Amino acid sequence: MITDFRKRNLIIVILFAAMLILLTSIMADRVFAATTATVNSSIGLNVRSGPGTGYSILYVLNNNVTVDVIEKDGSWYKISYNGKAGYVSGEYLIIHEDEDYVYDEDFEAGLTAQGFPESYKYYLRILHASHPDWVFKSQKTGLSWSDVIAKESKVGINLVHKSSKDSWKSDEYGAKDSEGNYIEFDSGGWVAASKSIVEYYMDPRNFLNESGIFQFMSHSYDSQTQTKTGLQKLVAGTFLAKKFPESGYDTYSDALIYAGKQSGVNPYVLASMILVEQGRDGSGKSISGTVKGYEGYYNYFNVRAYASGSYDAVQYGLMYAKQQGWNSHIKSILGGAAYYASGYVKNNQNTLYLKKFNVMNGLASVATHQYMTNVGGAASEAANLKAGYSSSGAITFYIPIYSGMPDTACPMPGSGNNNYFLKSLSVDGYSLLPKFNMYTSEYEIVVPSDTTYVNVKAAASDSGAKISGTGKVQLTGKVTDVKITVTSTSGQKKTYTITVAKETGTTSGGSLTSSVYTIGSYITGVDYNTSVATFKSNVKVTSGYSLKLINSGGKEITSGNVGTGTEAAIYDSNGKAVKSHVIVIKGDNNGDGKITAADVLFTQRYIIKTYTLSGAYFKGADINGDGKITSVDVLFMQRHIIGTYTIKN
């Protein structure tokens with residue numbers, strides 16, 4: 001007889017077993033051996049927070065990147081890329097077996113002898129396990145990572161398409177117009193690339209995978225590994241697989257093999273370049289032969305095809321083609337191959353990476369003589385090249401190394417934007433030197449010797465950005481650097497520094513005097529159309545000090561006119577700013593030192609509350625000095641312009 005206690009225990013055991021069976025059934029599909037996979041999606045692949053399209057997008061993977069596969073969940077896979085996990089649809093992954101790396105003493109010794117950093121070796125070991133015949137050679141650029149990135153991330157050097165995520169686009173000065181729209185630097189919607197996406201594409205470690213590695217392959221001709229069969233495999237499904245449009249060559253492959261032999265350039269590279277420039281369907285206008293004014297001329301490689309003056313990129317490239325006599329398809333291919341050989345392959349730019357980033361010819365050459373402006377161009381072409389090679393066979397890759405690289409590979413920028421600028425920065429009771437400008441990072445103020453703290457205020461240009469370092473800041477000595485850091489929604493950071501110096505016996509004596517102007521916080525009595533030279537001749541600065549005139553943009557001016565808002569800054573013998581005064585010219589409220597219709601317009605807009613005038617600019621618009629800006633002031637300005645009244649300062 002089973003007691004109630006035993007019955008309860010038996011029921012619990014049965015229920016536990018049933019739950020275990022059910023859980024095992026549910027989890028069976030989630031078990032997945034650790035391996036790697038390659039993204040197979042030409043438009044990129046969304047990585048989501050869960051296994052389904054209803055989950056939020058965490059970031060986007062580029063085509064052909066290699067990811068670590070953690071587990072399978074139905075038709076979805078949990079993956080990890082650069083340490084960030086998420087879920088992707090298995091439809092867009094090529095899963096490959098993970099070959100275990102067996103320690104290879106000679107291989108390891110070779111990597112170390114060549115100076116490969118430890119952060120490179122992990123990726124090279126994986127490739128070596130799959131391709132033991134591949135050879136990896138280090139290319140020591142002799143350049144610092146920070147120096148290279150500083151040059152390559154200047155606005156306009158590298159571009160991304162305007163359809164890219166905002167985090168890929170630059171917010172630096174010159175990247176946007178006055179209305180905040182991205183400026184197109186090349187026809188077709190190409191805008192300035194952000195520093196973070198430049199770092200991603202320049203970091204070789206991001207491309208030490210099955211396809212990305214091919215951007216480090218030599219572009220020199222090699223008849224042993226570069227065959228017609230391999231080339232036809234590379235161009236399969238593209239217009240280059242078709243019959244050659246002119247007599248003398250049966251297929252495009254025949255023409256490209258011949259061009260490779262003649263120029264000394266890898267024909268696979270030539271084919272890949274053409275597909276990138278003219279499209280896989282060959283729809284590029286540069287090879288249509290029908291562009292008005294350039295009928296019958298062709299530019300397969302888009303040599304010198306960039307917008308210039310009144311010419312768009314296609315027209316300018318075809319102008320060059322016409323000058324070279326490329327009036328047939330084969331002449332264009334042979335001529336373009338020869339151009340590429342002499343200008344790049346023989347100029348220490350003999351890989352996809354080096355033709356995109358010119359880093360083997362010294363720092364002065366960095367960001368110059370680069371074949372394409374598309375920041376991801378080399379990575380894109382690498383995928384095309386891979387298609388022409390079998391998985392086995394000896395191939396040599398030349399991989400650049402920089403000094404001072406980050407410990408880990410630079411990540412692909414995520415969501416958000418790179419707007420890490422301030423729209424305002426101030427210190428209660430003091431004027432910054434130079435005057436605040438969102439693109440200027442360094443400022444100075446001088447405070448009395450007994451000051452213990454300053455109150456810093458700031459506002460971000462983008463409402464989503466975060467600011468640290470503001471509020472009451474204690475002064476720790478005679479000189480204190482106050483750091484205000486802005487973090488953009490994409491995670492990029494910019495630091496503004498205010499150097500706060502306390503007055504001493506030497507700095508407090510600096511002063512500006514004048515028998516012509518009235519000098520206080522503002523300098524008044526300065527007439528319109530007063531030149532810098534005239535202004536300086538009418539003032540005196542204490543011996544041992546110097547005077548600089550600073551415009552509203554924070555730059556010193558040495559010629560032209562002074563205007564409302566110009567700062568007269570006094571510097572001591574150590575180059576430290578000790579005092580400043582702001583010039584006010586009545587009638588001039590836009591800072592050009594003149595009285596024109598523009599000043600009238602700004603005053604009128606202030607009155608109807610569509611424009612703001614403050615500080616010196618308010619005083620410049622207050623013609624009658626009553627502390628207000630009214631239609632009376634507008635009338636005085638209008639009469640001055642037509643010559644029936646003279647505004648006196």
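Which side chain makes a polar contact with the side chain of asparagine 158? In this model, that partner is lysine 356, at 2.5 Å. The model is predicted, so to speak, with local features needing pLDDT of at least 70 and side-chain atom pairs counting only at pLDDT 80 or more, while totals for chains, interfaces and linings use all residues. Residues are numbered from 1 along each chain as its sequence is written, and side-chain values use heavy atoms, with hydrogens and water left out.

**View 1. The polar partners of asparagine 158.** Asparagine 158 sits in the loop between α4 (145-152) and β9 (159-161); helices (H or I, at least four residues) and strands (E, at least two) are DSSP runs, numbered from the N terminus. Besides meeting lysine 356, the asparagine 158 side chain reaches the backbone oxygen of glutamate 152 at 2.8 Å. A polar contact here is a pair of N or O atoms within 3.5 Å; within protein, one must be able to donate a hydrogen and the other to accept it, and residues adjacent in sequence count only if both atoms are side-chain atoms.

View 2. With 1% relative accessibility, asparagine 158 counts as buried (under 20% relative accessible area, 1.4 Å probe, protein chains only). Beyond neighbours within four places in sequence, its contacts (heavy atoms within 4.5 Å) include Val191, Phe357 and Thr373.

**View 3. An open sheet of 3 strands.** The order is β13-β15-β17, with antiparallel pairing (at least two DSSP bridges between two strands). β13 (422-427) and β17 (471-474) are at the edges with a single partner strand each, so one side of each lacks a neighbour in the sheet.

How values were computed:
Buried < 20%, exposed > 50% of the residue type's maximum accessible area, 1.4 Å probe, protein only.
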